[in-house]
Amino acid sequence: MEPTVGHVHTMQMRMARFVKVRGIATQTNGTRTTRMPPKCSRKQRQPERGWRTDQEETCRRMTGRTRSCFTSFPTECMSSLGSPGAGYATTCSRIKGKRYFAPGEMPSKKDVVEQIKVSMKAIPLYALLPCAAEWMVERGWTKAYANISDVGIPMFFAYFAMYMCCVEFGVYWMHRMLHESKFLYNNLHHIHHKYNKENTMSPFAGLAFHPFDGMLQAIPYVWTLYLVPMHFLTVELLLFATGIWTTNIHDNINGKCEPIMGAAYHTIHHTLYRFNYGHYLTYMDRAFGTYITPYQVEKRKSK
């Protein structure tokens with residue numbers, strides 16, 4: 001017996017109930033039932049909580065993860081504990097020590113071990129600052145951008161120059177404040193400046209800070225993101241570069257690389273306290289009257 005119109009209608013209704021139970025949306029066209037993609041509820045169509053703007057979504061795509069703090073923390077710790085310290089320090093102090101240091105100027109093992117202990121305690125807390133920076137960038141609170149193509153190569157270099165000028169200015173005055181404020185110096189910065197002679201400084205002293213001292217000197221890298229558009233991957237590379245840089249300027253080896261603030265200038269800072277506060281370059285010290293060269297120091301000693 002051929003199905004009547006009533007039978008066909010009944011079969012279609014049963015099929016509709018069958019697929020509805022299984023969450024499959026359908027569309028009926030005559031006697032044919034076509035499977036359709038499921039519709040999203042209003043709640044499902046809403047963006048993930050915390051990603052309310054295009055800029056925030058771009059930042060999430062930029063990092064490729066939503067829990068960046070948990071991945072950055074061990075990364076920062078391992079990068080600080082790894083190659084910048086052990087290999088470089090061993091080469092400068094032990095393998096080629098006689099070439100670089102005069103008799104009596106070699107850092108003692110006791111001082112080096114102490115600096116390693118101080119550094120190991122502080123490094124996990126240092127890593128909190130880059131984690132906080134990523135967290136703020138991912139939420140779109142800063143002017144950081146994801147791709148160089150977003151601004152173009154000429155503007156990338158223009159913004160980079162502006163960013164580094166602001167960072168140099170901020171690091172200079174933060175470092176100077178840690179010296180001129182008795183409270184900050186006695187409670188924070190003194191831990192680093194106890195190594196105040198050539199034979200007590202080593203590359204490991206570059207990370208031997210009170211944790212809050214180290215974060216204060218690096219925080220201009222973060223607050224400048226609120227002022228100047230900056231490629232965020234470049235910022236992360238710069239934060240990593242500071243670990244290598246601070247290792248370099250505490251090795252007492254005069255590289256004669258002016259206007260870069262090399263180890264000879266920073267050794268003067270540790271021995272005379274009131275000079276050469278700058279970060280990568282000497283320009284801020286020149287501008288604010290705290291600049292002194294190794295030649296001038298040698299001239300003072302000879303008088």
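Reader: Let's start with helix 8, then: which residues in it are buried?

Author: This is a predicted model, so keep that in mind. In helix 8, the buried ones are Leu129, Pro130, Cys131, Ala133, Glu134, Met136, Val137 and Glu138.

Reader: And why call helix 8 largely enclosed by the rest of the structure?

Author: Because 8 of its 11 residues, in the stretch 128–138, are buried.

Reader: What happens just after helix 8?

Author: Gly140 sits there with a positive phi of about 75°.

Reader: How many disulfides turn up in the whole structure?

Author: The search finds 0. Take Cys166: the nearest cysteine sulfur belongs to Cys165 and is 6.9 Å away. Cys166 is partly exposed, at 30% relative accessible area.

Reader: OK, switching to the inside. Which residues touch the most other members of the largest nonpolar core?

Author: Tyr163, Tyr221, Leu225 and Val235, out of 22 residues in that core. Helix 9 (153–180) and helix 13 are the elements that give two or more residues to it, and helix 9 has the largest share, with 6 residues. As a general point, nonpolar side chains in soluble globular proteins tend to be buried together.

Reader: What is Tyr163 in contact with, leaving aside neighbours within four places in sequence?

Author: Tyr163 contacts Tyr221, Thr224, Leu225, Val228, Met230, Val235 and Leu238.

Reader: Now the outside. Which residues form the nonpolar patch on the surface?

Author: Trp135, Trp141, Trp223, Tyr226 and Leu227, with about 540 Å² of accessible area together.

Reader: Where does Leu227 lie, and is Leu227 buried or exposed?

Author: Leu227 is in the loop between helix 12 (220–223) and helix 13 (232–248). It counts as exposed because its relative accessibility is 54%, and exposed means over 50%.

Reader: Zooming out, how many helices and strands does the protein chain have?

Author: There are 16 helices and 2 strands. The chain has 303 residues, and 40% of them count as buried.

Reader: What about the accessible surface of the chain?

Author: It comes to about 18,200 Å², with 62% belonging to carbon and sulfur atoms.

Reader: Last one: among contacts between residues at least 6 apart in sequence, what percentage join residues at least 24 apart?

Author: That figure is 66% for the protein chain.

Conventions: Residues numbered from 1 in each chain as written. Predicted model: local features only at pLDDT ≥ 70, side-chain atom pairs only at ≥ 80, totals over all residues. Heavy atoms only, no water. Patch = residues over 30% accessible without salt bridge, like charges linked within 9 Å, V, L, I, M, F, W, Y side chains within 5 Å. Areas by Shrake-Rupley, 256 points an atom, 1.4 Å probe, with all protein chains shown as cover. Salt bridge = Lys/Arg side-chain N within 4 Å of Asp/Glu carboxyl O. Helix = DSSP H or I, 4+ residues; strand = E, 2+ residues; numbered from the N terminus. Buried < 20%, exposed > 50% of the residue type's maximum accessible area, 1.4 Å probe, protein only. Core = buried A, V, L, I, M, F, W, Y, C linked by side-chain atoms within 4.5 Å. Contact = heavy atoms within 4.5 Å. Disulfide = S-S within 2.5 Å.
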